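Me: I have a model open and want to learn how to read it. Where do we start?

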Amino acid sequence: MTDRLPHPLRSDASDNRERILDAARALFATEGLKVPMREIARHAGVGPATLYRRFPTKQTLATEAFTDEMRACRAIVDEGRAEPDPWRGFCLVIERTCELHARSRGFTEAFMSTFPDAMDFVAEREYALRSIAELAHRAKDTGHLRPDFVLDDLVMMLMANRGIHTASKAGRVAASRRFAALVIQAFQASPQHSPLPPVARLASAAPGKIT
């Protein structure tokens, strides 16, 4: 009897952990890292004590919650580097990185080191930026990427992309795709002005449109 008692407790603890992570991912995606820990606990259906027992700080919670996004970021960068055409690989990284960050406002904050001393994102972020810098250098050599592009332009792009606000995640992703297309044209040495993705209604957009 005594040997069997811990098993359901471990199962309950595991369930609580997953509920907390699911709640954190959902709230971080819509509200960013400013969401209070108590709100995450309420959303997960657990008490604050349970939340803090599993994740003592918001930093540790965010690090765990964004593990999949960091893996996806590395996969995007690796795919871009593996593309035989450096410019095409560079564009792929821009498009997919913007979409990845558009799906979670909190991930952009984490990636940009909101908690630089506590979050375990430093190595992954440095890998991504170093790889993109190498890819950009190759794209410049082909003559497609403008020669005055610097890595800070990419950081500025992520900051601007985070500022997109729409009524839904789908709308935010759609707006981000259009934004990425505009960014690519701005980065191109000789812009070709390809057709842009469809317009998405922004949360702060006034009625009507300019033609």
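Reply: Start with a charge network. This is a predicted model. In it, salt bridges link Arg17, Glu18 and Glu64 in a network.

Me: What is the general idea behind such pairs?

Reply: Side chains of opposite charge can pair when their charged atoms come close. Here, Glu18 and Arg17 form a salt bridge, with their closest N and O atoms 3.2 Å apart. Glu18 is partly exposed at 35% relative accessibility. Arg17 is partly exposed too, at 24%.

Me: How many salt bridges does the structure hold?

Reply: The structure holds 13. One of them joins Asp68 and Arg71, at 3.9 Å from N to O. The two are three residues apart in helix H5 (residues 67-82), so about one helical turn separates them. Another pairs Glu99 with Arg177, the closest N and O atoms being 3.1 Å apart. That pair links distant parts of the chain: Glu99 sits in helix H6, Arg177 in helix H10, 78 residues apart.

Me: How do I read the faces of a helix?

Reply: An α-helix has 3.6 residues a turn, so residues three or four places apart point the same way. Take helix H2, residues 37-44, where Met37, Ile40, Ala41 and Ala44 are buried. Seen down the axis of H2, the buried residues fall within an arc of 100°, so they line one face. Arg38 and Arg42, on the other side of H2, are exposed.

Me: What follows H2?

Reply: Gly45 does, with a positive phi near 80°.

Me: Which residues does UniProt list for "DNA-binding region"?

Reply: The unreviewed UniProt entry lists residues 36-55. That span is 75% helix and 0% strand.

Conventions
Residues are numbered from 1 along each chain as its sequence is written. This is a predicted model: local features need pLDDT of at least 70, side-chain atom pairs count only at pLDDT 80 or more; totals for chains, interfaces and linings use all residues. Side-chain values use heavy atoms; hydrogens and water are left out. Buried means under 20% relative accessible area, exposed over 50%, partly exposed in between (1.4 Å probe, protein chains only). Helices (H or I, at least four residues) and strands (E, at least two) are DSSP runs, numbered from the N terminus. The arc is that of the directions from the helix axis to the C-beta atoms. UniProt positions are given in the numbering used here, feature names are shortened, and annotations may be inferred rather than shown by experiment. A salt bridge is a side-chain nitrogen of Lys or Arg within 4 Å of a carboxyl oxygen of Asp or Glu.
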